[in-house]
Amino acid sequence: MTVEQSPLAAVAPRLPGTVPAERIATVSVRRHAPSLVAPLLMLPDLCSAVADTLDELGTGSVIPGHLLNRAAGGGRVCGPAITLRYVAVGGDVSANRAAGRGLLIGDRDLYGLAQPGDIAVMDASAAHDTAVLGGLSARWADLAGLAACVVDGTVRDTDTLREVGLPVWSAGRNPACGRYRIEAVELNGPVSLFGRTVRPGDYLVADDDGVCVIPHDDVPVVVERCLASARAEHELTELLASGRRLEEIVSLLRSRSAPA
C-alpha cells in the first residue's frame, strides 16, 4: 500500500518523511472532547489532585518532578499523548557519521501526526546520555500546536527552549545531540516514562510537581472525581479562612462526619 492509499495520506503533507512509514504504528489516536478535560486546568495543584484520584481508583501512574523536571514553559498542561520511541545506535559517533547511522530522528514526523493540544511523549530511556529535543524541535512543536513535550531523556538549547515558551519536561540537560547516537524505531506505539507505560491517547497532566498518566478510558471518571474533591477542598479552605478558632472548626467537622 502506498502512502497515498494509506491512513497516512491525510497527514502526509505535514510529515518531513524522515521516518519510514512502516515505523508509524498508527495515525488514529483516540482523543476526548477538549471540553471534558478543560476543567482540570482550573484546579490548583493539578498533579497532586490527579495523583490522589489515581490512587483511589488504582489506575494510571505518577512520575515525580525529580525524575521529570520542567525544563521550559510555565503553567500546567493536560492533553492526549502522541508517542515516539528511540533506541541507542551504539558505537563511535565518528564511525556512525561516516556510515550514515543514527539519522532517523523522529520528532518532526511525530509533530506532523499531532493535533493541537496533544502532548509529545518521547522515550529515550535507552539513551539518557544524548539530547533528543532542542530549540529547533521546540519551535516545530509549537508551530504544530503541541501543548507540551515530555521526554524520558535529556534536552538541550535551554535558552531557546525558554524563549519559545513551550512547556517541556525532561530527565535532564545535555548539549550532545542525538544525531549519530539514537534512532527512532516507532511512532505512536507504547512507550515508557521511567518504567511507566504510556500509550497513544492516554492523557498526561503535568505541573511543577511532576507528571501523571491517565489511561484513556479512565479520563472521564478521573475528571469527575477530581472536580468533586476540589469542591470539598474549597469548602474546607473557606472554613479555615473563616476566622473561627481551631476548636470550633474541629467541632464543626466532627458534627458533619457523625452518623445521622
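The following questions and answers go through a predicted model, taking strands, cysteines, pockets and salt bridges in turn.

Biologist: Is strand β11 enclosed or open, judging by how many of its residues are buried?

Modeller: A residue counts as buried when its relative accessible area is under 20%. Tyr-203, Val-205 and Asp-207 point one way from β11, Leu-204 and Ala-206 point the other way, and all are buried. With 5 of the 5 residues of β11 buried, the strand is largely enclosed by the rest of the structure.

Biologist: Why do the side chains of β11 point two ways?

Modeller: On one side of β11 are Tyr-203, Val-205 and Asp-207, and on the other are Leu-204 and Ala-206. This is because, in a regular strand, the side chains alternate between the two faces of the sheet.

Biologist: Which residue of β11 is the bridge partner of Pro-80?

Modeller: Strand β3, residues 77–88, runs antiparallel to β11 and is joined to it by 4 bridges. In β11, the partner of Pro-80 is Tyr-203.

Biologist: Which residue of β12 is the bridge partner of Asp-207?

Modeller: β11 also pairs with β12, residues 210–214, in the antiparallel sense over 5 bridges. A hairpin through 2 residues joins these strands. The partner of Asp-207 in β12 is Gly-210.

Biologist: How many disulfides does the whole structure hold?

Modeller: A disulfide needs two cysteine sulfur atoms within 2.5 Å. The sulfur of Cys-177 is 17 Å from the closest cysteine sulfur, in Cys-149, which is too far for a bond. The search of the whole structure gives a count of 0.

Biologist: Is Cys-177 buried or exposed?

Modeller: The cut-off for buried is under 20% relative accessible area. Cys-177 has a relative accessibility of 16%, so Cys-177 counts as buried.

Biologist: Which residues lie nearest the centre of the largest pocket?

Modeller: The largest pocket holds about 410 Å³ of space. Its lining divides into 9 nonpolar, 5 polar and 5 charged residues, and α4, β5 and α5 each supply at least two of the lining residues. Of the 19 lining residues, those nearest the centre are Ile-105, Asp-107, Arg-108, Ser-137 and Arg-179.

Biologist: Which element gives the largest share of the lining of the second largest pocket?

Modeller: This pocket has a volume of about 200 Å³, and its lining includes Leu-43, Asp-52, Cys-226 and His-234. The elements that give two or more residues to this lining are α2 (46–57) and α7 (219–240). The largest share, 6 residues, comes from α7.

Biologist: How many residues apart in the chain are Arg-30 and Asp-217?

Modeller: The side chains of Arg-30 and Asp-217 meet in a salt bridge, at 3.0 Å from N to O. Arg-30 is in the segment before α1 and Asp-217 is in the loop between β12 and α7, so the pair links distant parts of the chain, and the separation is 187 residues.

Biologist: In the salt bridge of Arg-70 and Asp-208, is Asp-208 buried or exposed?

Modeller: The side chains of Arg-70 and Asp-208 meet at 2.6 Å, N to O. Arg-70 lies in strand β2 and Asp-208 in the loop between β11 and β12, so the pair ties together parts 138 residues apart in sequence. Arg-70 is buried, with a relative accessible area of 15%. Asp-208, at 59% relative accessibility, counts as exposed.

Conventions. Residues are numbered from 1 along each chain as its sequence is written. This is a predicted model: local features need pLDDT of at least 70, side-chain atom pairs count only at pLDDT 80 or more; totals for chains, interfaces and linings use all residues. Side-chain values use heavy atoms; hydrogens and water are left out. Buried means under 20% relative accessible area, exposed over 50%, partly exposed in between (1.4 Å probe, protein chains only). Two strands pair if DSSP finds at least two bridges between them. On a 1 Å grid over the protein atoms alone, a cavity is a set of points where a 1.4 Å probe fits but cannot get out, and a pocket is an open set with protein on both sides within 12 Å along at least five of seven lines; lining residues have an atom within 4 Å of a point. Grid points are joined across faces, edges and corners, and a volume is the space filled by probe spheres set on the points. Ala, Val, Leu, Ile, Met, Phe, Trp, Tyr, Cys and Pro count as nonpolar, Asp, Glu, Lys and Arg as charged, and the others, Gly among them, as polar. A salt bridge is a side-chain nitrogen of Lys or Arg within 4 Å of a carboxyl oxygen of Asp or Glu.
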